[in-house]
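Subject: Structure handover

Hi there,

Here is the structure I promised to pass on. Please have it open while you read, and my notes on it follow just below.

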Amino acid sequence: MAAKPPVLILLGPPGAGKGTQARMLEEDFGLVQLSTGDLLRAAVSAGTEAGKAAKAVMEAGQLVSDDIVLAILRDRMAQPDVAKGIILDGFPRTAGQAAALDALLAKAGQRVTAAVSLEVDDEAMIARVSGRYTCGGCGEGYHDEFKQPAKAGVCDKCGGTGFKRRADDNAETVRERLQAYHAQTAPLITHYECQSVLERVPAMGSIAGVRSMLAGIVGRVSA
Ligand code: AMP
């Protein structure tokens, strides 16, 4: 019988590298990244009812209600590409979301394969997140201090010249987001520890170093 496609969760505060590493796992293993932050930002841009309700909450650095997030995630999980296996980036973020995910997977005869906690220092996250921006064309990430394009104003990857910054990537909102993480999301580490699927990864090092630790975990849990 073919192995079930992996369901991976990336846990960690804003700036821990969840999005960056999820995109790398897509490249390395052909998995599909599901970012509730990206889905919500798309809903805000499209001006849907969910997007209108979520906008101010996101700008304040707080968590959008479980009802809205779960509706968006269920729609996304109904798309056929998730059969390749998924990396959940930024979901679940509350105990209610974790329980809903367990129930959704159980219906399909599945369970979480691994929940990876990216372990970082809060203060460093404020500096990391406050200066970051991305290419509007290909999504490549940059940082005012740590990673500028080789040619100023031109994306190294696609040559694009339009860049964007998230409205919530400023020091004040990052502090709120860190608080929300510690109050509502960090307790999920214990939830997954109890399911014996938790993997802790020290994530203050290089992107390449974290990528290779994650590759080791994914290789092991999907074997
Ligand atoms: P992210 O892109 O994961 O940093 O998420 C950006 C913002 O979207 C968060 O600060 C929340 O306001 C909202 N958000 C994203 N995912 C969730 C979630 N699973 N539950 C509640 N709010 C979320």
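Before anything else, two strands count as paired if DSSP finds at least two bridges between them. Helices (H or I, at least four residues) and strands (E, at least two) are DSSP runs, numbered from the N terminus. Please bear in mind that this is a predicted model, in which local features need pLDDT of at least 70, side-chain atom pairs count only at pLDDT 80 or more, and totals for chains, interfaces and linings use all residues. Residues are numbered from 1 along each chain as its sequence is written, and side-chain values use heavy atoms, with hydrogens and water left out.

**The parallel sheet**

Five strands make up an open, parallel sheet, in the order β2-β3-β1-β4-β8. Its edges are β2 (32-35) and β8 (198-202), each of which pairs on one side only. On average, neighbouring strands here are turned by 25 degrees against each other, direction ignored; axes are lines fitted to C-alpha atoms, for helices over the stretch in contact, and angles run from 0 to 180 degrees between N-to-C directions.

Strand β1 (residues 7-11) is joined to β3 (residues 86-89) by four bridges, and the two run parallel.

How many of the five residues of β1 are buried? Five of the five are, so β1 is largely enclosed by the rest of the structure. Buried means under 20% relative accessible area, exposed over 50%, and partly exposed in between (1.4 Å probe, protein chains only). In a regular strand the side chains alternate between the two faces of the sheet. In β1, Val-7, Ile-9 and Leu-11 point one way and Leu-8 and Leu-10 the other.

Leaving aside neighbours within four places in sequence, Leu-10 is in contact (heavy atoms within 4.5 Å) with Lys-18, Gln-21, Ala-22, Ile-87, Leu-88, Gly-90 and Val-116. Leu-10 and Ser-206 are 196 residues apart in sequence and 17 Å apart in space, C-alpha to C-alpha.

**Helices α2 and α4**

Two helices lie across β2 and β3. Helix α2 (residues 36-46) runs at about 60 degrees to β2, and helix α4 (residues 66-77) at about 165 degrees to β2. The α4 geometry checks out: at 1.5 Å a residue its twelve residues should span 16 Å, and its end C-alpha atoms are 16 Å apart, which agrees. That expected span is 1.5 Å times one less than the number of residues.

The buried residues of α4 are Ile-68, Val-69, Leu-70, Ile-72, Leu-73, Arg-76 and Met-77. Their cover includes β2, α2, α3 (49-59), β3 and α5 (95-107).

As for the two helices together, α2 and α4 pack at an angle of about 100 degrees with their axes 10 Å apart. They are therefore roughly perpendicular to each other (under 35 degrees counts as roughly parallel, over 145 as roughly antiparallel, 65 to 115 as roughly perpendicular and the rest as oblique). Thr-36, Leu-39, Leu-40 and Ala-43 in α2 meet Ile-68, Val-69, Ile-72, Leu-73 and Arg-76 in α4. These contact residues divide into seven nonpolar, one polar and one charged; Ala, Val, Leu, Ile, Met, Phe, Trp, Tyr, Cys and Pro count as nonpolar, Asp, Glu, Lys and Arg as charged, and the others, Gly among them, as polar.

**The antiparallel sheet**

Three strands form an open antiparallel sheet in the order β6-β5-β7. Here β6 (141-143) and β7 (163-164) are the edge strands, each pairing on one side only. Three bridges connect β5 (residues 132-135) to β6, with Tyr-133 partnered by Tyr-142.

**Backbone details**

Most residues other than glycine have a negative phi, and most peptide bonds are trans. Two places deserve a look with that in mind. A cis peptide bond joins Phe-91 and Pro-92, with omega about -5 degrees; Pro-92 lies in the loop between β3 and α5. Ser-196 has a positive phi, near 60 degrees, and sits in the loop between α8 (188-194) and β8. At 66% relative accessibility, Ser-196 counts as exposed.

Best wishes
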